[in-house]
Amino acid sequence: MGGERDSIYYGAFGTIAVGAVDVYRATGTATYSNLTIRRIVGFGGNQQAELTRIPCPLGSQAELVYEPIPPSDENTPQVRKSLIQNVMLKAEDRLAAELLAKQPETLIIRDGHLRWYGQPDTTLGYVKTMRKTYLSGDCAALLWTLAPGERTPIFAIRDKSDLRRRWSWYLRSGSSDICLKRLGYHELQGLVRLELYSEAVPLDQAVEIADQSTDLIPQYASHPCRDPRAPQNLTPVGALERELGRRMGDRAVIERRLRGFFASLGVMS
């Protein structure tokens, strides 16, 4: 947060990281690809940020360089999160488009909801957290009966944030060999929701992909002994998160350098 004596502008310094894991099922191997780390700075209130270089206090060349991003009209504390998140989501969208252009026959699974920033494509959205109920009555009752590797029928959805219609279905991930209830998990543990843009994928193709997901997703489900988000969090995704986190740098060290930089300018942080 910064500003002049008669005004306050909210903004954020942030680091975003995007990347992919290429899984080759025929050989049982996986590799990281397209890993990108960006440090960005932006403000609300239509205030344009400037390229900012934060030197290392010990005199080395390991400076932190924050590139400016377009400002937002909004100027509230919430803009700090939305500025960073919008840049990250657009970067993920570009990466998905690039991967599809290179390998159009490859199934790309994107962690999280599908959010439209370009043309709808065949990317599969993978939603681990149930923050909204899309089924009710007898249809919702199916969720409690699903065994690992089973799914609900496909249904169509629209959200206020994205009015484009999507195909969606719920799937129980994990392995039948692991008794989640004995480990203290709730009865819907392992339930994930998947989605495809109906503009890009006709229903018959969506059914094929949904059937494929019942075999594919449980194969890469994480194990409770290694991941507290198991089995929803996919093992390749967990590995990618750790690698991107390592490349982003130590959060405490970066925060300390930022606070020192703000203090030298007399700016509130």
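## The sheet

In what order do the strands of the open 4-stranded sheet sit, and what kind of pairing do they have? Reading across, the order is β1-β2-β4-β3, and the pairing is mixed. The edge positions go to β1 (11-24) and β3 (52-54); each has a single partner strand, so one side of each has no neighbour in the sheet. From one strand to the next, the twist averages 30°. Keep in mind that this is a predicted model.

Pick out Ile40 and you'll find its bridge partner in β4, Glu67.

## Helices across the sheet

Helix α4 (residues 235-248) lies across β1 and β2, and its direction makes an angle of about 45° with β2.

Then there's helix α5 (residues 251-265), which lies across β1, β2, β3 and β4. Relative to β3, helix α5 runs at about 110°.

## The whole chain

Zooming out, the protein has 5 helices and 9 strands. Along the sequence they come as β-β-β-β-α-β-β-α-β-β-β-α-α-α.

Now take the contacts between residues at least 6 apart in sequence: 61% of them join residues at least 24 apart.

Definitions and conventions: Residues numbered from 1 in each chain as written. Predicted model: local features only at pLDDT ≥ 70, side-chain atom pairs only at ≥ 80, totals over all residues. Heavy atoms only, no water. Helix = DSSP H or I, 4+ residues; strand = E, 2+ residues; numbered from the N terminus. Contact = heavy atoms within 4.5 Å. Pairing = 2+ DSSP bridges. Axes fitted to C-alpha atoms, helices over the stretch in contact; angles between N-to-C directions.
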